[in-house]
Amino acid sequence: MHTSAARHARCSFCGRGQDQMLQVVTLSGVDICNECVQLCQDMIGDERGNDRGIPGGNVSPGVRLGPLAAENFFCETCDISYPDTTLADAIAAIERLPGRLDDALESVPEGALRVRPSPEVWSPIEYLCHIRDVMISATVRLYRTRTEEVPSVEPMFNDLRAARFGYAHRKVGAVMAEIVYDATGFLAEVARMPSDGWNRRLRRLPGETRTGIWLVRQTMHEGEHHLLDITRVAEADA
């Protein structure tokens, strides 16, 4: 194993190129940048236990990146078909989302806002924070898709965010206000994509590419799916 200045390397995990890495570790022909090394170390440390007493400070053991939904994805839970969802449909759903989230949260008892039904299922406030993150991340990803040739985008590491940033302890009103602005910002970026640009592609992991129109559908689906998760909590406590 050796490290280098990464003059010609590309990280095999996040896809960063030579101009984006401070240092790279090469082992058996695989390159990994300093940031991915640090992330792996953090995850391993969390699996061994967190003794710092920080609420929500643990990341679930065995954190792994799941595959992205396919371009022709159909969700059996919320009955959304990506191929059957037009750009106009997705935009309209995202425009309505903040108001629908606000309505759903009014029906969630205060005592249930921060409680996970099970260790693997987020609480309503954690889902709300995730929807906000999706809007922000999707805006950056769409911008890069529009302005770069098949950019390598950062994984979101959803569970890591929820744990590190204490999502279970956030204030609902503050997060909802952010979602309004972030959804508006995402739709402003959607409006900047030229009509012939929706088949431009982005990459997350090596060999894992998706189109710009997929990204809009995926963003819409994330909001709809997790709105349903929040609604179910309200119905269960009714």
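## Charge over a ring

A charge is taken to sit over a ring if NZ of Lys or CZ of Arg is within 6 Å of the ring centre and within 35 degrees of the ring normal. In this predicted model, local features need pLDDT of at least 70 and side-chain atom pairs count only at pLDDT 80 or more, while totals for chains, interfaces and linings use all residues. Residues are numbered from 1 along each chain as its sequence is written, and side-chain values use heavy atoms, with hydrogens and water left out.

The charged end of Arg132 is placed over the ring of Tyr167, at 5.1 Å from its centre. A further case involves Arg210, which lies over the face of Trp214 at 5.8 Å from the ring centre.

## Aromatic pairs

Three aromatic pairs occur in the structure; rings of Phe, Tyr and Trp (its six-membered ring) are paired if their centres lie within 6.5 Å, and planes under 30 degrees apart count as stacked, over 60 as edge-to-face and the rest as tilted. One of the pairs joins Phe73 and Tyr82 in an edge-to-face arrangement, with 5.4 Å centre to centre and 75° between the planes. Phe73 counts as partly exposed because its relative accessibility is 27%, whereas Tyr82 is buried, with a relative accessible area of 0%. Here buried means under 20% relative accessible area, exposed over 50%, and partly exposed in between (1.4 Å probe, protein chains only).

Phe165 and Tyr167 form a tilted pair, with 6.2 Å centre to centre and 40° between the planes. Phe165 is partly exposed at a relative accessible area of 48%, while Tyr167 is buried at 4%. The ring of Tyr167 is also the one over which the charged end of Arg132 sits.

## Salt bridges

Nine salt bridges are found in a search of the whole structure, each defined as a side-chain nitrogen of Lys or Arg within 4 Å of a carboxyl oxygen of Asp or Glu. In one of them, Asp133 is bridged to Arg161, and the closest N and O atoms are 3.6 Å apart. Because Asp133 lies in helix α3 and Arg161 in helix α4 (residues 158-164), this pair ties together parts that are 28 residues apart in sequence. Helices (H or I, at least four residues) and strands (E, at least two) are DSSP runs, numbered from the N terminus. Asp133 is buried, with a relative accessible area of 5%; Arg161 is partly exposed, with 26%.

Arg146 and Glu189 meet through their side chains at 2.8 Å, N to O. Another salt bridge connects the side chains of Arg144 and Glu148 at 2.9 Å, N to O. Arg144 is buried, with a relative accessible area of 18%, and Glu148 counts as partly exposed at 28%.

With a relative accessibility of 4%, His130 counts as buried. When its neighbours within four places in sequence are left aside, His130 is in contact (heavy atoms within 4.5 Å) with Trp122, Met156, Asn158, Glu222 and His226.
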